[in-house]
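Thanks, everyone. Let me put the model on the screen, and then we'll walk through it.

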Amino acid sequence: MQSPANSSLFSSLPLNKALVDNLATMDYNEMTPIQAQSLPAILANKDVIAQGKTGSGKTAAFALGLLNKLDVKKFRVQSLVLCPTRELADQVAKEIRKIARSIHNIKVLTLCGGTPMGPQIGSLEHGAHIIVGTPGRIEDHLKKGRLNLDNLTTLVLDEADRMLEMGFVDALDLIFSLCPKQRQTLLFSATFPTEIQPLTERFMQDPVTVKVASTHQESTINQHFYQVNDNSERLFAVRLLLQQFQRESTVIFCNTKLECQEVADQLNNFGFSALALHGDLEQKDRDQTLVRFANKSAAILVATDVAARGLDVDALDAVINYHIAHDPEIHVHRIGRTGRAGATGVALSLISSKEAHKVIRLEEYLGQDINVEDLPDEIVLNHDIVKPSMVTLQIDGGKKQKLRPGDILGALTAGKNISGDQVGKIQMFPIRAYVAVHHKVANIALNKIMDGKMKGRNFRVRKLS
Ligand code: ADP
Ligand code: MG
């Protein structure tokens, strides 16, 4: 093998040229550290355990591994990727499809809970090369004999820590037992709780372990810690900080579902546009919440740690810890969602004297002193609260009705009164679509969809608020 001049280039790997060329079109020029460390072993068909923080580029690491050895002519399930939630499975499938763009006729199928069985059964009958899904639903299909893994060559566990936390261990056991013994197993995780160890011992063969340090460069995240007296002062502090550090996208982390909902409700009472994201929401409401935050029609998301995993926002402007996390590693995770990829982020944590022990643990973990500041001076509250520039319209039609983003964009921009740059993110679901439009043209947009036709018919539409 020739020794490459720059070993962080994808072209230095034994990868299909079509894959490398396509990566360049995605602006993936250099490997991220976790990719550089894991891909040589992955491409050598070894079992690999890779630990790296959120946003480190784990998806492309396993996607390249499974795509590089896939035999397209053999129309059998060759790779199975297990993810903890539907949102994550959808994101992973999207990334695999993008990376696979240069290979023709690759079929990637997602199989997740919370979506109807019928269409999945149909899709399974048509076959697929790669399956991405949640353990519960995959287990269901396996038990009913609808999914056959005899030709599987790669098994991926993405966010293994979360899958264990969500109680998928039995489903995983059953899935493992039905995979061929001769296979490559890749396990990705942000954290490495002790419960993972037995899993890797049972189901992996001489795994290579790679780990990329979980702390961020200090320069990219400005951390501030503020002293609050008790719980009643926290909400006031959050209002002050939100106004001081006004941003387009802020996540507030709470430690419980109840607190999450309360904080969101209270902020809305004070004129902010906040949404709560926690495990008690119905799937449909979770979808809506994630859509509205990602398309910038809601500026504030109040979330629990588990629920925030489904968040697909590249870089948050600010993270606020309503309560500091129990565990320093979780703290580092939370704040790692801001200031990604060289951008500067802000992380603001509220601390009461009861939480002093957590601050000490965090200081030890970070290896740096934490300086607790006073809250900013009281500014005029309820003045100049930044309202989101976008509004979300929900259209009661989606992929099932063969509606496509282009149809919606076309309907909105037909004529002259709405321009393309006043239309934001368009997200398609099976029987629904969401489109963000600038608030100045929200009513015009609503009427255009209501009165106009897409795919030759009328669709119901409403403004979400
Ligand atoms: P993780 O699974 O580790 O949390 P992701 O795989 O979701 O991280 O990647 C995070 C972001 O980084 C995504 O937006 C992805 O498109 C981008 N990304 C991944 N690899 C590269 C690369 N080599 N160059 C540029 N961007 C990348
Ligand atoms: Mg990931």
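First, a term. A polar contact here is a pair of N or O atoms within 3.5 Å. Keep that cut-off in mind. And remember that this is a predicted model.

Start with ligand 1. How many residues surround ligand 1? There are 14, and Tyr-28, Glu-30, Gln-35, Gly-55 and Thr-59 are the closest.

The side chain of Tyr-28 places an N or O atom 2.3 Å from an oxygen atom of ligand 1. With Gly-55, the backbone supplies the N or O atom, and the distance to a ligand 1 oxygen is 2.5 Å. Thr-59 uses its side chain, with an N or O atom 2.6 Å from an oxygen of ligand 1. On its own, ligand 1 exposes 570 Å², and the protein buries 74% of that.

What classes of residue make up the shell around ligand 1? Seven are polar, five are charged and two are nonpolar.

Next, Thr-134. Thr-134 sits in the loop that links strand E4 (130-133) to helix H6 (135-143). Is Thr-134 buried or exposed? Buried, because its relative accessibility is 7%, and the cut-off for buried is under 20%. Beyond its sequence neighbours up to four places away, Thr-134 touches several residues, including Cys-83, Arg-86 and Leu-111.

Last, Leu-242. Leu-242 belongs to helix H10, residues 231-244. At 8% relative accessibility, Leu-242 counts as buried too. Setting aside neighbours within four places, its contacts are Thr-250, Ile-252, Leu-267, Phe-272, Ile-300 and Ile-320. Ile-385 is 143 residues away along the chain, yet its C-alpha is 8.5 Å from that of Leu-242.

Definitions and conventions: Residues are numbered from 1 along each chain as its sequence is written. Chains are lettered from A and ligands numbered from 1 in the order in which they are written. This is a predicted model: local features need pLDDT of at least 70, side-chain atom pairs count only at pLDDT 80 or more; totals for chains, interfaces and linings use all residues. Side-chain values use heavy atoms; hydrogens and water are left out. A residue is near a molecule or strand if one of its heavy atoms lies within 4 Å of it. A polar contact is a pair of N or O atoms within 3.5 Å; within protein, one must be able to donate a hydrogen and the other to accept it, and residues adjacent in sequence count only if both atoms are side-chain atoms. Accessible areas come from the Shrake-Rupley method with a 1.4 Å probe; for residues, only the protein chains shown count as cover. Ala, Val, Leu, Ile, Met, Phe, Trp, Tyr, Cys and Pro count as nonpolar, Asp, Glu, Lys and Arg as charged, and the others, Gly among them, as polar. Helices (H or I, at least four residues) and strands (E, at least two) are DSSP runs, numbered from the N terminus. Buried means under 20% relative accessible area, exposed over 50%, partly exposed in between (1.4 Å probe, protein chains only). Contact means heavy atoms within 4.5 Å.
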